[in-house]
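Here are some numbered notes for a colleague who is opening this entry for the first time. Please keep the structure in view while reading.

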Amino acid sequence: MADFVRDVMTPGVVAVRPDASLVEAAQLMRAQDIGDVLVAADGQVVGVLTDRDIALRAVADGADPLTVSAEAVCTPNPVVVAPDDPVSEAVGLMRDHAVRRLPVVEDGHPVGMVSLGDLALSQDPSSALADISRADPDSWPGIHQA
């Protein structure tokens with residue numbers, strides 16, 4: 001079992017500028033096969049944008065995803081962890097704030113993400129959530145990756 005966030009996090013970050021359109025963010029998510037991107041300005045995290053945010057906070061309201069910015073829809077000022085924080089800290093933050101992902105920030109700069117799936121793989125590799133997290137994602141028929 002891992003002790004520190006750095007041992008379970010997914011290193012590296014995928015980020016968009018605050019003024020990026022939701023279409024740009026969604027295309028990046030598709031290309032990277034991920035469900036969220038950081039919204040960052042000058043190397044600092046200003047928000048987290050998920051595929052669910054795009055669907056529920058913009059598209060469901062009839063907003064044009066070509067004209068709405070990532071910053072307008074993201075969760076601002078997200079809760080973050082540091083790579084040297086104990087895994088238990090990440091678990092507690094996710095529980096307390098009802099989030100499934102935490103940006104990992106070191107010296108003010110994003111260095112990775114830790115997800116509920118990452119923690120499941122670390123804490124209980126034989127759990128159903130760990131199995132799901134390990135599985136290859138489904139591809140959608142008729143949709144071609146860019």
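1. Leaving aside residues up to four places away in sequence, V73 touches L22, L49, D53, I54, R57, A58 and V68. V73 also belongs to the largest nonpolar core, which has 14 residues. Within that core, V73 is one of the residues that touch the most other members, along with V16, L22, V37, V39 and L49. Helix α2 supplies the largest share, three residues.

2. As a general point, nonpolar side chains in soluble globular proteins tend to be buried together.

3. The model is predicted, and its confidence should be kept in mind. The mean pLDDT of the protein is 87, and 83% of the residues reach 70 or more. Confidence is highest in helix α4 (residues 70-73), at a mean of 97. Helix α7 (residues 128-134) has the lowest, at a mean of 49. Where pLDDT is low, the predicted coordinates should not be read in detail.

4. On the overall layout, the protein has seven helices and seven strands. Along the sequence they follow the pattern α-β-β-α-β-β-α-α-β-α-β-β-α-α. Of the 146 residues, 35% are buried. The protein exposes about 8,600 Å², and carbon and sulfur atoms supply 52% of that area. Among contacts between residues at least 6 apart in sequence, 55% join residues at least 24 apart.

5. Which strands make up the open sheet of three strands, and in what order? The order is β1-β7-β6, and the pairing is antiparallel. Strands β1 and β6 stand at the edges with a single partner strand each, so one side of each has no neighbour in the sheet. Strands of a sheet pair through backbone hydrogen bonds, either parallel or antiparallel.

6. The pairings in this sheet can be followed residue by residue. Strand β1 (residues 10-11) is joined to strand β7 (residues 109-115) by two bridges, and P11 stands opposite G112 in β7. Strand β6 (residues 101-106) pairs with β7 over six bridges, again in the antiparallel sense. In that pairing R101 stands opposite S115, and L102 has V114 as its bridge partner.

7. The hairpin of β6 and β7 has two residues between the strands. D107 lies in this loop and has a positive phi, near 55°, in a residue other than glycine. Is D107 buried or exposed? D107 counts as exposed because its relative accessibility is 73%, above the 50% cut-off.

8. D42 sits in the loop between β3 and β4 (44-50), and its phi is near 55°, a positive value in a residue other than glycine. With a relative accessible area of 78%, D42 is exposed.

9. Helix α5 (residues 87-97) lies across β6 and β7, running at about 135° to β6. Its buried residues are V87, A90, G92, L93 and M94. Just after α5, A98 takes a positive phi of about 50°.

10. Why does L119 count as buried? Its relative accessible area is 4%, and the cut-off for buried is under 20%. L119 and A2 are 117 residues apart in sequence, but their C-alpha atoms are 9.0 Å apart in space.

11. E71 lies in helix α4. At 46% relative accessibility, E71 counts as partly exposed. E71 and V16 are 55 residues apart in sequence and 9.3 Å apart in space, C-alpha to C-alpha. V16 is itself one of the 14 residues of the largest nonpolar core.

Note on methods:
Residues are numbered from 1 along each chain as its sequence is written. This is a predicted model: local features need pLDDT of at least 70, side-chain atom pairs count only at pLDDT 80 or more; totals for chains, interfaces and linings use all residues. Side-chain values use heavy atoms; hydrogens and water are left out. Two strands pair if DSSP finds at least two bridges between them. Helices (H or I, at least four residues) and strands (E, at least two) are DSSP runs, numbered from the N terminus. Buried means under 20% relative accessible area, exposed over 50%, partly exposed in between (1.4 Å probe, protein chains only). pLDDT is the predictor's confidence in each residue, from 0 to 100. Contact means heavy atoms within 4.5 Å. Axes are lines fitted to C-alpha atoms, for helices over the stretch in contact, and angles run from 0 to 180 degrees between N-to-C directions. A nonpolar core is a set of buried Ala, Val, Leu, Ile, Met, Phe, Trp, Tyr and Cys residues joined through side-chain atoms within 4.5 Å. Accessible areas come from the Shrake-Rupley method with a 1.4 Å probe; for residues, only the protein chains shown count as cover.
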